[in-house]
Amino acid sequence: MAINDFYQEFIEEIEKNRVLVNVTFIEEFFKQTTDDLIEADEIIGNPEYLHFEQSLSRNQRCQIDGYVYNENDGILTLFVIPKINYNEIESLDKTLADRYFKLASNFFEKANEVLEGGEESSEGYSLADSIIHRDEKHNDFNGLEGLKVVILTEKSKVASLDTLYATKINGIRTSFQIYDIVFWEKLLKSKRGKVDLILDFSNQEISGIQANETTEYRSFMCSVNGAVLARLYDKYGSRLIEGNIRSFLQTRGKVNKGIRATILKEPDKFFAYNNGITATCTDIKISDKKVTQITNLQIVNGGQTTASLANVLINDKAELQLAKVFVPMKLNLILKDEIYDELIANISNYANSQNKVSEVDLSSNHPFHREIESLSRKIPTPLLDGYSYSTYWYYERVAGQYSQETYKKSKAEKKNFEKINPKSQLFKKADFAKYFNIYQQRPDIASKGGVTAFREFTQWIIDIWKKQPYLINDDFFKTQIANIIIFKTVDRIVKNADWYNSYKANINAYTIAYLYYWLEIHDLMIDFNKIWKNQEVTPNLVYLFEDLTKSVHEHLIDEKRPVINVTEYAKRKICWESLQHNDLIDEKFGFGSIVIEKKDIEVEYMKFEDTISGMLQKYDPNLFTELYEILLKDENFDKSELDLIDKVTHGKNLYINEQQDNQIRDILNKYLES
């Protein structure tokens, strides 16, 4: 696909999506590009869209279009989007890039002026306030170590912008980056949903020899100079730490005292004392036992060691000692793309067998994520009035999976795929974590997003998969989709409200969580199955949300709130606990049939082998296998009946409920009578 063709599809896709969700082109551009950057591990955290412009002194201005705070590395990123050209690719030259870099930098550098001339209720004001008071103990930006200014653009940058030099703004190290149309095209073409990170070590001290080889990987034993590793981590931060491990390890600000003492006092003995690091990559170049290049380096064990080296470099200025340090590194080159995720997950788990990471496979290959993916591909939505076909809620288990489904396919094939798998029904792991934390009545965690939200979600996955994996079934999937439908409804209500100006993500999370909480203390709950069947919420619920969202917004911006920055306040548990003390729903409100008593939905599950159907299978182990093959050719049986028999045929340690057991017997009787 030529770059110009890609450009047109890129713009059209954003326009189509923004119409669906009724937002501006810039907001949808921000959401789509930052979502892609998160999946590609280019940024870490939970980006917030925030378009803010203001005049400053001396005829200067500031502009930002969003921000994200990476708590792992203490990096605040400010995003800015130059004016969009909807018709053709324009060039982003140095003059234009410098102008937008300056606009975004001014927001940080002159945050005090933003406060002087800004509207107190605006999100930009809150962000500027947090920047100014970042040294205060309870400020979420406390200990801010770096600023990153990023241009998101549909333009094509000139070659002179390939190298951008860092500087200092108000004493904070500041780096600059541009993501342009060429980058977005590379990202789409990448099978792994990431653009390769190629590290050049031709002038660095890394020795290495091959130690092992299989059909799936090659292993190299290496020795890395401490200063090289420290500078590498200083530049790329926790992006170098394998994503699944990163979710559980907090490295910022932590320096192992033993490591620090060895570096400063006995640097030449570091290799003997330290266990070193384990890493993976997708390509490596070695010449005369010297490593000259590594592609997609990911540290799966030894993140604390690496971070400690960087901390000593920055805080102790001990470059001379670090130059004498050498770190053992076991580097595994993954040879096959199709097994990359699975192999890297297994290496991560075994490499971390002595710590808490060993308890969990956080990767996309965890059985939970595979099961949700499977359910999302086989459970169609109910056939709605006016439609001749059903659609699917597509779970993107692996980054870039949705795009790869249609890459290199004809326009007709792509159109057909998107018809039954609409982009508006796509949800990713990070999305699922946010939605699920709301479902669990933790809007404070959902508001934190990123690593924290995913870590809480993952802990739930660990617990449920160990104790009750059978609960991750069709009913669970439909309930979670209904929860997503509720979220999207509230999101639409908020953005169209005449009182709305900021904090939509927080209002959404707190509104839905409060409704679930209020219903629970009244022994009630939403009939999620009804929402699934209709693929929308009832008018009663819409009416309730129109009032409830406004009340939640007033709570968040209450002048008596203990934290000035509303976005940061929403991340605190105190914000959620305070909201629970408010009675925001009239007990006489007419919910109608969308609300049911909690006891009405309790379902008992039992082992399949203990059911009547299971006992039949004991007498004839091939019963359901043969039945499934017969039913496939019989038009009298629908897809749901086939799926249930298929589940029984292939399920291991299967649990079903009484209703499913009755359905199986009904299918058997129906077959015998036909």
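**Entry 1: a threonine and its contacts**

Leaving aside its neighbours within four places in sequence, which residues is threonine 34 in contact with? I found Ile43, Pro47, Phe79 and Leu152, where contact means heavy atoms within 4.5 Å. Threonine 34 sits in helix 2. Helices (H or I, at least four residues) and strands (E, at least two) are DSSP runs, numbered from the N terminus. With 3% relative accessibility, threonine 34 counts as buried. My terms here are buried for under 20% relative accessible area, exposed for over 50%, and partly exposed in between (1.4 Å probe, protein chains only).

A note on what I am looking at: this is a predicted model, in which local features need pLDDT of at least 70 and side-chain atom pairs count only at pLDDT 80 or more, while totals for chains, interfaces and linings use all residues. Residues are numbered from 1 along each chain as its sequence is written, and side-chain values use heavy atoms, with hydrogens and water left out.

Next I traced an open sheet of six strands, which run in the order 1-2-3-5-8-7 with mixed pairing. Two strands pair if DSSP finds at least two bridges between them. At the edges I found strand 1 (48-55) and strand 7, each pairing on one side only. From one strand to the next, the twist averages 35°.

I then looked at one pair in detail. Strand 1 and strand 2 (residues 61-70) pair in the antiparallel sense over six bridges. Phenylalanine 52 has isoleucine 64, in strand 2, as its bridge partner.

Which helix lies across strands of this sheet? Helix 3 (residues 94-109) does: I see it across strand 1, strand 2, strand 3 (75-80), strand 5, strand 7 and strand 8, and it runs at about 70° to strand 2. For such angles, axes are lines fitted to C-alpha atoms, for helices over the stretch in contact, and angles run from 0 to 180 degrees between N-to-C directions.

**Entry 2: what covers helix 6**

In helix 6 (residues 181-189) I listed the buried residues: Ile181, Phe183, Trp184, Glu185 and Leu187. Their cover includes helix 1 (3-21), helix 2 (25-39), strand 5 (146-152), strand 6 (156-157) and strand 8.

At what angle do helix 7 and helix 11 pack? Helix 7 (residues 226-236) and helix 11 (residues 303-315) meet at about 90°, and their axes are 8 Å apart. The two are therefore roughly perpendicular to each other; the cut-offs are under 35 degrees for roughly parallel, over 145 for roughly antiparallel, 65 to 115 for roughly perpendicular, and oblique for the rest. Helix 7 brings Gly226, Leu229, Ala230, Arg231, Tyr233 and Asp234 to the contact, and helix 11 brings Thr306, Ala307, Leu309, Ala310, Leu313 and Ile314. Sorted by class, I have eight nonpolar, two polar and two charged residues. In that sorting, Ala, Val, Leu, Ile, Met, Phe, Trp, Tyr, Cys and Pro count as nonpolar, Asp, Glu, Lys and Arg as charged, and the others, Gly among them, as polar.

**Entry 3: salt bridges**

How many salt bridges does a search of the whole structure find? My search gave 26, counting a side-chain nitrogen of Lys or Arg within 4 Å of a carboxyl oxygen of Asp or Glu.

- Glutamate 396 and lysine 428 form one, with the closest N and O atoms 3.9 Å apart. Glutamate 396 is in strand 17 (residues 394-396) and lysine 428 in strand 18 (residues 426-428), so the pair ties together parts that are 32 residues apart in sequence. Both glutamate 396 and lysine 428 are buried.
- Arginine 442 and aspartate 444 meet in another, at 2.6 Å from N to O. Arginine 442 is partly exposed at 25% relative accessible area, whereas aspartate 444 is buried at 2%.

**Entry 4: positive phi in two loops**

Asparagine 170 has phi near 50° and lies in the loop between strand 7 (167-169) and strand 8 (172-179). Its relative accessibility is 45%, so asparagine 170 counts as partly exposed. Aspartate 523 has phi near 55°, and its place is in the loop between helix 21 (504-521) and strand 19 (524-526). With 54% relative accessibility, aspartate 523 counts as exposed.
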